[in-house]
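Dear colleague,

Please find below the structure I am handing over to you.

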Amino acid sequence: MRAIQVREPGGPEVLEFREVAPPEPAPGQALVEVAAAGVNYIDTYHRSGLYPVPLPFIPGSEGAGTVRAVGEGVSEVAVGDRVAWTGVLGSYAEQAVVPADRLVPLPDGVTAEDAAAALLQGMTAHYLATSTYAIQPGDWALVHAAAGGVGLLLTQIAKLRGGHVLGTVSTPDKAKLARETGADEIASYDDFAQRARDLTGGEGFPVVYDGVGRTTFDASLDALRIRGMMVLFGASSGPVPPFDLQVLNAKGGLFITRPSLAHYTRDRAELLGRAEELFGWIRDGRVKVHLGGRYPLADAARAHEDLQGRRTTGKLLLLP
């Protein structure tokens, strides 16, 4: 089968489009014909070696498609089921083997492209807004990169819960998209802390959702009210340097957390619960998926270049 393979860490150029041996499902696994693979920032961390992965490997930790075979002992899915998954490497390929207990069934009305575009980022947005800091009616939330894949979904879920959103963006086009998606106010990366203060009479926000990291971290703390929560869930601008916890005291007894989706899908019941609610919102039109670009599988390097060059909005897909 054809797949993208990484044989050494590096830039987008190490994403090689190659013929590789087709996979076969082991006990507890299912073989899925991949209809679409999601492109996520974590893929660039795997590719570059920031998050080391044994070499060689097929990148991509999110996808959707149709089950074509199952291994011994599989009861969660059957041949012909439409499914999606996240958190399992190997999606940048025509076929992938996935542990059956990590597969999520797709309801009628949700396409494979929507599922591949929404599962990782949508469940991330789900746990951020419903569990890490559960948005309450009237809460203001600062959402960084509001026109990005997580940002667009997080904004919509925060609004579903009755919150208000101040979104940061880098261009007028991204500002327009963020507003159309539901952001109440827009800020630049230079003035968002002051905007948060201005919108709350100087008090600050109860929560900041920050997937940017290094370049926004310090000012994000300044946007918080007393006992506010800093939710650092990514590092698209680079990792945050070592941090003096006394700063949290000086700025008002702040909370800080560094979660990941794995911490909020610890068993199959939690995985299915989050996915079912997310897919229900998508099916009913309450949450809209914004596809920022579709790329042939062979163009994975270009997709990574566009993602890291901040030339995209919404979600990027690779289509085998």
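This is a predicted model: local features need pLDDT of at least 70, side-chain atom pairs count only at pLDDT 80 or more; totals for chains, interfaces and linings use all residues.

The largest nonpolar core comprises 53 residues, and L128, I135, L154, Y209 and F279 have the most contacts inside it. Two or more residues each are given to this core by α2 (112–132), β8 (140–143), α3 (149–160), α4 (172–181), β11 (205–210), β12 (224–232) and α8 (268–283). The largest share, 12 residues, is that of α2. Leaving aside residues up to four places away in sequence, I135 touches A129, A141, A158, R161, G163, V207 and Y209. There is also a second, separate core of 35 residues, with A3, V32, A100 and L318 among them.

In helix α1 (residues 41–48), the buried residues are D43, T44, Y45, H46 and R47. Their cover includes β3 (29–39) and α9 (300–308). After α1 comes G49, with a positive phi near 95°.

Strand β9 (residues 164–168) is largely enclosed by the rest of the structure, because 4 of its 5 residues are buried. β9 pairs with β8 in the parallel sense over 4 bridges, and L166 is the bridge partner of L142. β9 also runs parallel to strand β10 (residues 185–187), to which 3 bridges join it; here L166 has E185 as its bridge partner. Two right-handed β-α-β units involve this strand: one is made by β8, α3 and β9, and another by β9, α4 and β10.

With kind regards

Definitions and conventions:
Residues are numbered from 1 along each chain as its sequence is written. Side-chain values use heavy atoms; hydrogens and water are left out. A nonpolar core is a set of buried Ala, Val, Leu, Ile, Met, Phe, Trp, Tyr and Cys residues joined through side-chain atoms within 4.5 Å. Buried means under 20% relative accessible area, exposed over 50%, partly exposed in between (1.4 Å probe, protein chains only). Contact means heavy atoms within 4.5 Å. Two strands pair if DSSP finds at least two bridges between them. A crossover is right-handed if, with the strands pointing away from the viewer, the path from the first strand over the helix to the second runs clockwise.
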